[in-house]
Each structure stands twice: as structure tokens, then as C-alpha cells.
Amino acid sequence: MFDLNEIRKRAQQASEQAADNMKNTLDKSQEILNGIQVPDSEDSPSVSAAQAEEQISANTQRQVEILGQMLSPDSMAQMAVNEELLQKMVNDKVAEATASTAEGIMGQLFGEDMGVLAAALETLELEDAEEEELSFDLELEESLYTTLEEAMARIEAMPEPEPIPYQKDDIKWERFGILLSGILSTLNSHNLDSMDVEEHIPVMEQKVVSLVRRSWGIDGRSDLLDMIRYLAQEGYILRYQLYGEASSPEELMDETMDEDDCMSACRAWRFAQRYKSRYAPGFMAGWDVGRAAMLTRWGCYIGWLTESEAVGILWALSHKAAEELHSWREFAQSYLFGGLMWKLLCGDSSAASYLGYLADAATDLLTGKAEQGNGQWRDCPWPAQRKVGFTL
């Protein structure tokens with residue numbers, strides 16, 4: 001039986017939460033709408049349009065240099081052209097946010113169907129099934145290795161179209177770049193048909209901002225670009241390599257690490273030692289690139305990147321993935337592989353459930369039905385690696 005009072009109470013709580021979210025959105029409009037890095041303090045007042053413009057001018061050169069480390073010269077030229085457009089967009093958005101009132105935005109928001117609002121408030125939250133907390137020990141580690149290998153074998157057995165050649169300026173690269181975010185997009189029920197991950201409604205935009213901040217510690221455009229650069233150039237490829245080359249876990253420790261950190265280092269070291277003869281560091285590319293692609297799309301959606309910048313970043317990530325890996329199956333296996341190393345470092349004993357979620361998402365992308373919104377990887381063959389010819 002439905003408890004009407006409880007339903008009303010939950011609806012009121014959702015309304016109050018949305019109101020708080022929207023107030024924060026207005027207070028930090030420059031940061032959320034324009035991707036401008038501003039002081040992120042709950043007690044600090046909103047930054048004026050003039051201050052936002054001054055911060056953009058001060059940070060632009062550094063941001064361009066960061067992108068320059070990972071994008072092609074053509075993409076860099078394209079981004080330079082976009083700076084004028086980005087400046088205009090900042091001015092327009094700041095003026096728009098200043099002219100709006102909380103009451104007006106809330107009126108527009110709650111004009112939507114309450115079912116849509118409730119779904120928006122709950123989306124992006126991957127709820128793990130309740131399970132007894134397990135203590136990490138060698139037996140559990142061995143169990144997780146078995147789970148990983150079974151999941152990777154399951155993916156290896158799935159059908160996939162043969163890779164096909166992509167031309168240098170092929171439009172398929174853009175589609176391929178978006179699909180690199182496929183696993184996280186599927187887990188979060190995101191759109192995979194365009195750059196935007198969701199419909200642009202204020203409550204969803206705030207939800208994505210909150211997710212990026214809470215889960216990644218990213219507070220704006222500069223942080224976002226730093227993280228994408230790290231994943232594209234170092235990431236778990238480098239971490240796995242360092243752990244595999246260490247002769248003992250003690251080589252990875254220093255005096256700043258507490259007991260939990262040292263235990264995490266030991267688990268990750270055992271992981272790398274177990275698999276280093278089977279998987280080279282480049283095998284981690286799917287884990288790094290897949291997350292970088294998702295961050296790029298999130299950043300574009302909330303206005304911290306322009307769409308042309310996001311396209312350029314995904315272009316670079318696409319080529320990195322195609323150079324290191326050979327198929328969507330291998331990409332998915334890489335994601336599972338990196339995901340377990342991450343869970344071992346975090347000390348999260350629910351890693352088995354996490355691996356199951358990842359494997360299910362990859363299955364939907366490889367074998368799902370189009371009418372159910374799945375099968376996107378199957379419909380976009382992996383780029384065939386180019387063969388290098390030699391002239392004698």
C-alpha cells in the first residue's frame with residue numbers, strides 16, 4: 001500500500017534539495033555555466049562578471065599549454081580560434097545568470113513533470129547491492145583475480161565486427177571518440193548519440209557538476225584539463241608499469257604513507273606482479289582513455305569545455321586507444337583490468353560487484369539491441385591499425 005504522507009514528504013525533500021542546488025548554481029554561475037576556475041568556498045560571495053573575465057585572461061595561456069601537450073597542432077589552431085567565442089559566451093552567460101532570479105528558474109524547473117525531476121535527482125548514482133563488508137586478505141584477492149579473469153573471458157567470447165580502416169579526417173573518429181565513454185555512459189544511462197550526455201535542464205547540469213566534484217575532486221576547467229592530461233599521458237599505464245618494475249612493495253612506499261596506504265600499495269604490487277608477464281603497461285589504455293573520454297563529455301556538457309575543444313580532445317584520445325588496443329573487446333577487458341587495480345588501491349572489498357557492472361555494460365554495448373538503445377560498439381567497428389610500409 002502506498003503511504004501518501006511519505007510520498008509527499010519525499011517530494012518535499014526533493015524540492016528542497018533542488019532549491020538548494022539551484023541556489024548554489026546561481027551563486028557559482030560563472031564556474032558552472034562557463035567553466036571558469038573561481039574560489040570554491042561555501043562561504044565566499046559570487047564572483048562578479050568583471051572578476052570572471054580577469055581570471056579567464058590570467059588562466060587562458062596556461063590552459064592552452066595544457067591542451068597543447070595532448071592535442072594535435074590542427075586542434076590547437078582550432079582551439080585558438082575558439083577563444084574569442086569562449087569569451088563572448090562567458091559574457092553572455094554571466095549577464096544571463098545575473099538577470100535571472102532564483103524564483104524564475106525554480107518556476108521553470110518545476111514546470112517539468114515531477115517524475116522527470118525525481119529521476120534526475122536519482123540518476124548518475126550507481127547503487128551497489130547491500131552486501132556484507134569483507135576484510136581484505138589474500139583469499140579475497142585470489143577470489144577477485146578469478147572474477148576478473150572470468151569476466152574478461154566472457155567478453156573475449158562475444159562477437160564483434162572486424163576492425164576497419166579510418167581515414168585521417170574520417171568523420172567516424174568523432175563517433176568513435178564519444179563511444180570511448182561507453183561503459184560509464186551506459187552505467188549512468190547517458191546518451192551516446194551526441195556529445196551531450198543528457199538534456200540540458202538545470203537540475204541535471206548541477207547533478208553532473210556535483211558528480212565531477214565529489215568523485216573526482218575537480219572544481220573547474222583548469223582541474224578538468226589537468227586530469228585529462230594526466231590520464232592521457234600518465235594514468236594507470238605509468239602506475240602499473242612502476243608497480244610491475246618494483247622488486248618489492250617497500251620500493252613504492254615513503255614516510256608519508258599510513259598503514260592503509262602501505263596495505264594498498266602491497267595489494268596493487270601483487271596485482272602488477274601477477275599480470276606483468278601477460279599484459280604490458282599499454283594494456284591499461286582502455287581504463288585511462290575511457291575515463292578521460294567521459295570527463296571530456298561531462299566537461300563539455302557543463303560548459304567547462306567548448307564543443308570544439310571536446311572534439312579535439314576526443315580525437316587525440318581516440319588515436320591513443322587505437323594505437324594501444326585492437327578491438328572493443330580488448331578495450332572492455334582493459335577497463336575491467338584497470339578497474340580492479342583501482343579497487344585494490346582503494347581497499348574496496350565490493351570490487352566483485354563493480355566488475356560485474358562493468359562487464360554487463362560492455363555486454364550491452366557489444367551485443368545489445370538497437371531498439372533498446374544498446375549495441376553502439378557493435379555498430380561502430382574499431383579502427384584498424386595502419387601497417388607501416390618499408391621502401392628498400
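Tutor: Start with a pair. Two packed helices are described by the angle between their axes and the distance between the axes. In this predicted model, take helix H7, residues 138–156, and helix H13, residues 259–275. They pack at an angle of about 45°, with their axes 12 Å apart.

Student: Is H7 oblique or parallel to H13?

Tutor: Oblique, because angles under 35 degrees count as roughly parallel and 65 to 115 as roughly perpendicular. The value of about 45° therefore makes H7 oblique to H13.

Student: Is the crossing of H7 and H13 left-handed or right-handed?

Tutor: Right-handed.

Student: Which residues make the contact?

Tutor: From H7, Leu138, Glu141, Glu142, Tyr145, Leu148 and Glu149. From H13, Arg267, Arg270, Phe271, Arg274 and Tyr275. By class, that contact has six charged residues, five nonpolar and no polar ones.

Student: How many helices and strands does the protein chain have?

Tutor: There are 17 helices and zero strands. Of the 392 residues, 48% are buried. Now look at sequence separation. Take the contacts between residues at least 6 apart in sequence: 78% of them join residues at least 24 apart.

Student: What pLDDT does the chain average?

Tutor: The average is 77, and 63% of the residues score at least 70. Over residues 28–47 the pLDDT is below 50, yet this stretch has 62 contacts beyond near neighbours in sequence in the model. Residues 388–392 are also below 50, with zero such contacts.

Student: How should such stretches be read?

Tutor: Where pLDDT is low, the predicted coordinates should not be read in detail.

Conventions
Residues numbered from 1 in each chain as written. Predicted model: local features only at pLDDT ≥ 70, side-chain atom pairs only at ≥ 80, totals over all residues. Heavy atoms only, no water. pLDDT = per-residue confidence, 0-100. Contact = heavy atoms within 4.5 Å. Axes fitted to C-alpha atoms, helices over the stretch in contact; angles between N-to-C directions. Helix = DSSP H or I, 4+ residues; strand = E, 2+ residues; numbered from the N terminus. Parallel < 35°, antiparallel > 145°, perpendicular 65-115°, else oblique. Left-handed = near helix turned anticlockwise from the far one by under 90°. Nonpolar A, V, L, I, M, F, W, Y, C, P; charged D, E, K, R; others polar. Buried < 20%, exposed > 50% of the residue type's maximum accessible area, 1.4 Å probe, protein only.
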